Amino acid sequence: MGCFVSTPKEPSGIRRRPGNIGEVLVYVPGLRIPKPVDFSESLGSHLSRNLVEQLSALRTRIVVMAGQEAPTITLSRRKSATQHGGSTLSDLQQALEDYLPVLLGLVKDGSQMQHRATFVWVNQEDETEETVMCNAWYEVLSVLHLMAMISLSQANLLLLPRTSADGYHSKVSEENRRGSVDIFLKAAGYLDCAVRHVLPQLPYELRSELPVDLAEGVLRAVSLQALGQAADVQLGMAIENTRATLAVKRRLACEMVKYWQQALDNLMNLPLMNGWGEKHHLFVKWKYTETKAAAYYYHGLILDEGNTEKLHRMAVAALQASDEYLRESKKLCETFNATTPLSRNPPLWGTMKYLSDKIPKDTSSKVRINRDLCTSEKVMETAPTLPDFALALKPDEYQLPTASSCCSDDINKGHEHLDQSNGSRR
């Protein structure tokens with residue numbers, strides 16, 4: 001069924017992670033890096049030399065490129081190919097896509113080959129240093145996870161603001177914002193495929209031994225937070241669109257709350273105890289609180305358009321809740337940035353730049369005006385319930401590629417060889 005080995009982290013605590021990840025708008029959690037494996041030893045007697053060399057070459061390319069990218073994969077500098085042939089995130093993504101069809105040949109139609117090779121990956125959020133499994137589905141799962149993390153890193157780079165020509169305003173182009181939404185949906189699609197189509201292929205005893213980076217709850221949470229950040233970008237564009245109504249903005253903000261609430265629910269009760277895992281949990285909690293500030297703000301503005309005293313009082317309660325959540329989110333943001341690996345916020349722009357200015361001002365103004373209008377000085381102590389909207393954004397439907405035909409033919413011959421070997425032993 002496959003072997004499992006986990007290696008505890010070194011006593012010194014040294015791990016392949018940076019101590020400072022720079023400016024973060026999109027947190028890239030649990031980056032996992034492959035370590036070299038020797039396919040010739042495990043597959044050499046069952047598959048052709050050409051196929052073993054092809055698998056080795058494709059995976060070695062990923063090991064080398066991931067090793068180059070890992071120390072700075074979440075840093076804020078824009079990546080570009082160097083004169084010395086340094087890899088880029090897009091190059092690494094392509095290498096993973098080239099590897100998958102050949103790798104999937106090992107698991108096609110329940111192939112016996114899926115248990116022949118060992119696969120080693122360094123863990124990030126888990127307390128163990130690395131995980132080794134003799135199951136090719138574990139490798140597929142790890143590849144999809146890395147593809148999603150690369151996508152989130154690309155989205156972070158797209159959304160980091162550039163200083164405008166006047167030197168005073170930080171901006172992100174509309175092209176970058178729209179491009180980031182596509183990337184978020186793609187990342188969510190990789191993880192959705194991992195949960196629905198890859199995890200079920202692993203025997204229960206192996207699923208229970210997966211590092212927390214690959215736990216179903218973490219995979220679902222990261223997929224949901226990608227959708228939540230895509231909705232955040234959409235809200236920012238709606239704020240800048242003079243034709244977008246308050247109802248549209250409220251709906252987007254309320255949908256964001258649901259994405260982040262579900263992401264937080266999926267992380268509950270998971271052992272995210274080390275710095276990296278704790279930072280991941282703090283990021284989701286921060287964003288969940290931040291989105292509640294946005295949702296209550298727009299809900300309050302809409303309630304305030306009503307013509308009854310009750311609605312005005314509900315509006316005041318909603319706006320006060322918005323102001324409280326905004327202050328709480330700022331504290332959570334500070335805690336997030338101070339948690340190892342250290343990070344910092346880029347200059348505010350988009351949704352939060354607008355709301356950070358508007359929420360305190362509008363709350364103060366509406367509270368003063370509506371208290372004068374209401375017969376009672378007492379404002380509602382409990383914020384009204386937010387509207388419940390169906391979630392509009394869905395992960396892109398990602399399908400695993402078809403196994404390479406040459407790989408399948410070679411593996412079929414390998415099966416015949418195994419059958420003959422087993423028959424002679426009997």
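The legends below walk through close-up views of a predicted model. In this predicted model, local features need pLDDT of at least 70 and side-chain atom pairs count only at pLDDT 80 or more, while totals for chains, interfaces and linings use all residues. Residues are numbered from 1 along each chain as its sequence is written, and side-chain values use heavy atoms, with hydrogens and water left out.

View 1. A pocket here is an open set of points on a 1 Å grid over the protein atoms alone, where a 1.4 Å probe fits, with protein on both sides within 12 Å along at least five of seven lines; lining residues have an atom within 4 Å of a point. Of its 27 lining residues, Leu 25, Lys 287, Glu 290, Leu 348 and Met 352 are the closest to the centre. The lining divides into 15 nonpolar, seven polar and five charged residues (nonpolar: Ala, Val, Leu, Ile, Met, Phe, Trp, Tyr, Cys and Pro; charged: Asp, Glu, Lys and Arg; polar: the others, Gly among them). Helix 7 gives the largest share, five residues.

**View 2. Helix 9, residues 275-303.** Helices are DSSP runs (H or I, at least four residues), numbered from the N terminus. Helix 9 supplies at least two residues of the pocket lining. Its 29 residues reach 42 Å from first C-alpha to last, close to the expected 42 Å (1.5 Å times one less than the number of residues). Of these 29 residues, 25 are buried (under 20% relative accessible area, 1.4 Å probe, protein chains only).

**View 3. Trp 260, Phe 283 and Trp 286 in one aromatic cluster.** Tyr 27 and Phe 336 complete the cluster. Rings of Phe, Tyr and Trp (its six-membered ring) pair if their centres lie within 6.5 Å, and planes over 60 degrees apart count as edge-to-face. Trp 260 and Phe 283 are edge-to-face, with centres 5.9 Å apart and planes at 75°. This pair ties helix 8 to helix 9, across 23 residues in sequence. Phe 283 is buried, at 0% relative accessible area. Phe 283 also meets Trp 286 edge-to-face, at 5.6 Å and 85°; about one helical turn separates these two.

**View 4. Lysines over rings.** A charge sits over a ring if NZ of Lys or CZ of Arg is within 6 Å of the ring centre and within 35 degrees of the ring normal. Lys 279 lies over the face of Phe 336, 4.0 Å from the ring centre. Lys 287 lies over the face of Trp 286, at 4.4 Å.

Note on methods. Buried means under 20% relative accessible area, exposed over 50%, partly exposed in between (1.4 Å probe, protein chains only). Rings of Phe, Tyr and Trp (its six-membered ring) pair if their centres lie within 6.5 Å; planes under 30 degrees apart count as stacked, over 60 as edge-to-face and the rest as tilted.
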